[in-house]
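Let's walk through this one together. Have the sequence and the model open side by side, and we'll go from one contact to the next.

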Amino acid sequence: MRPALDDRRSPLARPIQYRCLVVLLAGLLDAGRGAWAQELTIVLDRARVVQLAASRSPSVRTAEARVDEARALRVGAGALTTVNPELSILAGARFIPSGDPVPDVSVSLIWPFDFSGARTQRGAVADARTVLAEAEADDVRRRAIGEALDLWVRALGAEERARIEAERARLDEALLGVARARRATGTSGDGDVALATAVRAQGAARQRAAQAEREAILALLRGRLGLAPEAPVSVGGAVEDGDPPALPVLLVGLRRRTDVVRADALVRAAQSEVRLQSRLGVPVPRVTFNGAHDPEYSTHLGLDLPLPIYQRNQTATAVAGAQAATAAVEGRGVASLADADLRAAYATWLGARDAARTLDEAGVAIDDAEHLATRAYELGESPLAAQISVRRETVAARMARAEAHVALARARVALEQTAGRFP
């Protein structure tokens with residue numbers, strides 16, 4: 001005899017099978033979406049941040065577009081002259097009193113010849129402007145990388161603060177449970193429970209604030225890296241924990257810093273412009289060829305030479321010379337300020353390093369103080385107020401330690417940027 005609920009015949013078995021199949025497929029789809037989302041999440045470590053900032057930052061893309069503008073100056077820079085030849089044609093009738101009108105035609109060709117050497121200098125100016133634009137793009141890239149790395153370090157710090165606040169919230173919840181248990185046993189009253197409840201609420205508020213700060217910094221970081229606002233990202237990796245090169249070594253490398261290189265390129269571009277403007281003051285002669293029929297045929301060959309009496313391009317030449325002098329002054333100022341900025345950044349890094357090391361040395365003592373205070377309250381050896389006071393100080397010490405390491409990492413990024421060590 002077959003069972004009453006045979007899979008092949010029972011009407012109740014088929015819906016159960018279908019429901020199981022639907023649940024299985026739904027689980028597979030959810031797992032697939034989770035794996036797909038995990039694959040799409042962009043993990044922002046130091047190398048990835050540098051790569052994205054150097055290639056996709058909005059400011060970098062704008063600077064690269066300006067490089068293309070400078071390169072466009074090369075188009076037509078090799079022309080023989082900036083003035084085109086002119087072809088003039090006149091036609092009409094000549095009325096002779098003794099006869100019928102006769103046709104009258106005149107054709108003139110005017111061809112300029114530039115012997116000033118401005119053609120070669122126009123190419124030199126275009127090349128100098130391109131070099132300047134490329135140096136400016138490199139300087140923008142250096143600043144974009146430094147800004148992105150600073151936000152990355154801040155994001156790591158926000159992650160650590162959120163972790164500390166989450167751990168603190170967990171301990172506050174456990175403390176509330178201990179207070180309720182002691183009230184149940186009669187060893188404490190409602191005051192301890194009320195105080196523990198208030199402490200838990202404060203911890204939960206701080207935890208939400210830390211999470212919001214992390215999301216805000218990630219939004220800023222996405223924008224600096226050229227990512228979509230809704231792109232899923234996570235920060236990871238480790239910051240530079242070793243000591244940078246000594247200050248004298250960093251000072252020697254300042255001449256390769258991008259803004260110093262840009263200042264030198266600006267001086268060379270301004271000097272090229274001075275040479276071009278002086279060449280443009282040389283007159284351009286024009287050779288004229290004329291042929292006519294009026295009614296006899298005739299040809300003429302002539303030469304037009306402007307006399308540089310009133311206008312020798314002196315205004316443009318003087319302005320270019322003043323701009324070159326300004327560029328030289330600016331270059332010296334950039335080098336001087338770079339030296340001062342580097343020394344200040346190095347001093348800031350030294351102070352941040354010493355502060356972080358000092359707080360690291362107290363890490364074990366912080367953990368012991370919190371553990372002993374919690375244990376004393378659980379055993380009834382100290383009041384809740386004492387436990388909360390110790391908790392407040394230990395959490396503040398942990399937060400100060402985290403902030404010190406964030407400050408150290410940011411000081412290291414600022415030092416590297418000031419020293420011109422990236423890109």
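R401 and D360 pair up in a salt bridge, with their closest N and O atoms 2.9 Å apart; the term covers a side-chain nitrogen of Lys or Arg within 4 Å of a carboxyl oxygen of Asp or Glu. This pair links distant parts of the chain, since R401 sits in helix 10 and D360 in helix 8 (residues 314–361), 41 residues apart. Helices here are DSSP runs of H or I with at least four residues, strands are runs of E with at least two, and both are numbered from the N terminus. R401 is partly exposed at 32% relative accessible area, and D360 is partly exposed too, at 29%. For those labels, buried means under 20% relative accessible area, exposed means over 50%, and partly exposed is in between (1.4 Å probe, protein chains only).

A word on the ground rules: this is a predicted model, so local features need pLDDT of at least 70 and side-chain atom pairs count only at pLDDT 80 or more, while totals for chains, interfaces and linings use all residues. Residues are numbered from 1 along each chain as its sequence is written, and side-chain values use heavy atoms, with hydrogens and water left out.

Stay with helix 10 (residues 384–419) for a moment and find T394. T394 is buried, with a relative accessible area of 6%. Its contacts, leaving aside neighbours within four places in sequence, are I366, A369 and E370, where contact means heavy atoms within 4.5 Å. Now step back to L379, in the loop between helix 9 (363–378) and helix 10. L379 is partly exposed at 49% relative accessibility, and its C-alpha is 75 Å from that of A327, 52 residues away along the chain.

Back to charges: the whole structure has 31 salt bridges. One of them joins R71 and E134 (3.1 Å, N to O). R71 belongs to helix 3 and E134 to helix 4, so this pair ties together parts that are 63 residues apart in sequence. Another, between E160 and R163, has its closest N and O atoms 2.7 Å apart; both residues lie in helix 4, three residues apart, or about one turn of the helix.

Helix 3 (residues 58–71) deserves a look of its own. Its 14 residues reach 20 Å from first C-alpha to last, close to the 20 Å expected at 1.5 Å a residue; that expected span is 1.5 Å times one less than the number of residues. V60, A63, V67 and A70 are buried in helix 3. They cover an arc of only 65 degrees around the axis, which puts them on the same side of helix 3; the arc is that of the directions from the helix axis to the C-beta atoms. What covers them includes helix 2 (46–56) and helix 4 (118–185).

A nonpolar surface patch of about 1,200 Å² is made by L87, I89, V105, V107, L109, W111, F113, F115, V287, F289, L301 and L303. Strand 2 (86–94), strand 3 (102–112), strand 5 (286–293) and strand 6 (297–304) each give two or more residues to the patch, and strand 3 gives the most, with four. Patch members have over 30% relative accessible area and no salt bridge; like charges are joined within 9 Å and nonpolar side chains (Val, Leu, Ile, Met, Phe, Trp, Tyr) within 5 Å. The areas come from the Shrake-Rupley method with a 1.4 Å probe, and for residues only the protein chains shown count as cover.
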